[in-house]
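Please open the model in your viewer and keep the sequence panel beside it. The tour begins with the whole chain and then moves from one selection to the next.

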Amino acid sequence: MGDNINGDRRMFVSDGTAAGTFVVKNNYTTLFNGLATFAILNNDIYFTSDNGTGSGYGLWKSNGTLAGTVLVKPGIISTTGGNYSVLNNTLFFNADDGTHGSELWTSDGTTAGTNMVINLRADGGGIFYSGAPFNMIVFNNKVYFTASDDTHGAELFSSDGSAAGTQIVKDMEPGTQGSVPQRSVIYNGNLYFSCYSGNAAVGLWKSDGTTAGTTLIKQGGGNEPFLRDTRFAPVFNGKLYFIVNDQQYYPLWETDGTIAGTKTATFQNTASPAASTPVLGEFSFALYNSELYFGGACGTISPDIEPCKLTNGTLPLTWLGVQAQWINGSEAKVSWQVAQQKNVKDYTVQYSSDGDNFLNAYSVISSAITSYNCIIPAYKNTKNYYRVIQTDFDGRTTYSKIVLLQASAKPSLSVYPNPAKDKLYVQGATNFSEATISDAGGKIITHTYLNSSSHYLDVSRLIRGVYFVKLKSGNNTQTIKFNKE
């Protein structure tokens, strides 16, 4: 992306040399994602652009050559930056066709296959009088996003790409004001996001994709004008860290997914809360040697921004996975796998009916083995949440992810470890026969045949990044996202 004629943005391509750096097509370009990255589907980049005359906007795609830069759909333009996702070889994005305002669209890369999914707000009339979908993220084989309809203000929606399958998840701030969910991230099998607007809705939320499973973890207000501009940081030591703009400074928070476990983070050498600061509008974090580094401040130590870190020393172990499945129709078998156990004292399995308040259900002393399991009661008429706590000899603890065992449900399919290095283990009750690994753009990387319900895939040759494994057995398919380290 660069400037060419009269400062207008045009798409460039480069092989790293001056001679090999040139404008692909001389038309004014508006990207889906600001000025730096494009939407990618099947090795083509997608963007909205004019036709070279300053008018005639439409959806374009390009493979980096002039001949391969073609108009996919005329008459539409993406309305705001950072709004696209790729699910099942389909590009989800927002666009305005001049009639309906900004609404949800999908494309398979063809003219006939590029269409508006649903007109959420029937009044049309531009971005401020439309559904205006944004904050898109793939979760549980759907695209989740923030949008408005004729009844609700900006709330959390989900879509499978069809009009019937596009629905509001939860009305968190009833009325036309809306809660305005933003900056979504996936952590411990749930979708986490902050709500920017409203009275009761402002705060940190998590969702399993259902109305009942979309709950407020931490509410703003009072001395915590919470999440007006939240930025999520890396997951560290089993917890999700995030920065909050409270209009005075930028405190660092942490959460383990529970109400009690959502609190301000503190440095090791003081009880005062940690803070950070944006550089050019962004926050910088780095995970190194089991410690989280960032530019931060603490009033009791220094009023200025200094190099800071959060540390728990060397992590006592690596979580590879945790699963729960029905046994004898009335009990749950909870199993977990670990690696690199160091200084580990014991493990405690905890149970919860709401995913927030946990009770101890089983304990076992650590040993030389790396796979553990136990059988404990489960309840058919409720949801059963389980997690495992590791305690080391110094009294420090780490938590596994939380797993859900639905009433009368079959064990869910899972992959571990995530991120994966050499082997990606696939475990579940269904005997899937095929596995296809695709990159974030939908390009198929590998395809293999499977012969059991518990096996692994060789991912050692994959480069670092985000991938999707699609498992198939007859007409039954399931897609799971994983990261390659």
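With the whole protein shown, consider its contacts, where a contact means heavy atoms within 4.5 Å: among those with a separation of 6 or more, 46% are accounted for by residues 24 or more positions apart. What you see is a predicted model, in which local features need pLDDT of at least 70 and side-chain atom pairs count only at pLDDT 80 or more, while totals for chains, interfaces and linings use all residues. Residues are numbered from 1 along each chain as its sequence is written, and side-chain values use heavy atoms, with hydrogens and water left out.

Now colour the model by secondary structure. Helices (H or I, at least four residues) and strands (E, at least two) are DSSP runs numbered from the N terminus, and on this count the protein has 0 helices and 43 strands. Of its 485 residues, 47% count as buried; buried means under 20% relative accessible area, exposed means over 50%, and partly exposed lies in between, with a 1.4 Å probe and protein chains only.

**First stop: a sheet and a lysine**

Select residues 70–74, which are strand β8, and pick out lysine 73 within this strand. How far away is the nearest side chain of opposite charge? For lysine 73, which is buried yet has no salt bridge, that side chain belongs to aspartate 97 and is 8.6 Å away. Here Lys and Arg count as positive and Asp and Glu as negative, while His and the chain ends are not counted; a salt bridge is a side-chain nitrogen of Lys or Arg within 4 Å of a carboxyl oxygen of Asp or Glu. The side chain of lysine 73 does reach the backbone oxygen of threonine 114, at 3.1 Å. If you leave aside neighbours within four places in sequence, the residues in contact with lysine 73 are Gly58, Leu59, Trp105, Thr111, Thr114 and Asn115.

Next, show the open sheet whose 4 strands follow the order β9-β10-β11-β12 with antiparallel pairing; two strands pair if DSSP finds at least two bridges between them. β9 (84–87) and β12 (114–118) stand at the edges with a single partner strand each, so one side of each is left without a neighbour in the sheet. Neighbouring strands of this sheet are turned by 35° against each other on average, direction ignored, where the axes are lines fitted to C-alpha atoms (for helices over the stretch in contact) and angles run from 0 to 180 degrees between N-to-C directions. Zoom in on β9 and strand β10 (residues 90–96), which run antiparallel and are joined by 4 bridges, and find serine 85, whose bridge partner in β10 is phenylalanine 92.

**Second stop: another open sheet**

Move on to the 4 strands that form an open, antiparallel sheet in the order β13-β14-β15-β16. Its edge strands are β13 (134–139) and β16 (166–170), each of which pairs on one side only, and its neighbouring strands are turned by 30° against each other on average, direction ignored. Between β13 and strand β14 (residues 142–147) there are 4 bridges in the antiparallel sense, and the bridge partner of valine 138 in β14 is valine 143.

Select asparagine 190 in strand β18 (residues 190–195), which counts as buried at 14% relative accessibility. Not counting residues up to four places away in sequence, asparagine 190 touches Phe139, Val185, Ser207 and Asp208.

From there, turn to aspartate 208, whose side chain meets that of lysine 383 in a salt bridge at 3.5 Å, N to O. The two residues are 175 residues apart, with aspartate 208 in the loop between β19 (203–207) and β20 (214–219) and lysine 383 in the loop between β33 (371–377) and β34 (384–392).

Lysine 239 lies in strand β22 (residues 239–243) and glutamate 254 in strand β23 (residues 250–255), so the pair ties together parts that are 15 residues apart in sequence. Glutamate 254 is buried, with a relative accessible area of 8%.

**Last stop: a hairpin**

Finally, select strand β39 (residues 434–439), which is largely enclosed by the rest of the structure because 5 of its 6 residues are buried. β39 pairs with strand β40 (residues 444–449) in the antiparallel sense over 5 bridges, and alanine 435 stands opposite threonine 448 in β40. This hairpin has 4 residues between the strands, and in it glycine 442 takes a positive phi near 95°.

Notes: Polar contact = N/O pair within 3.5 Å; in protein donor to acceptor, adjacent residues only side chain to side chain.
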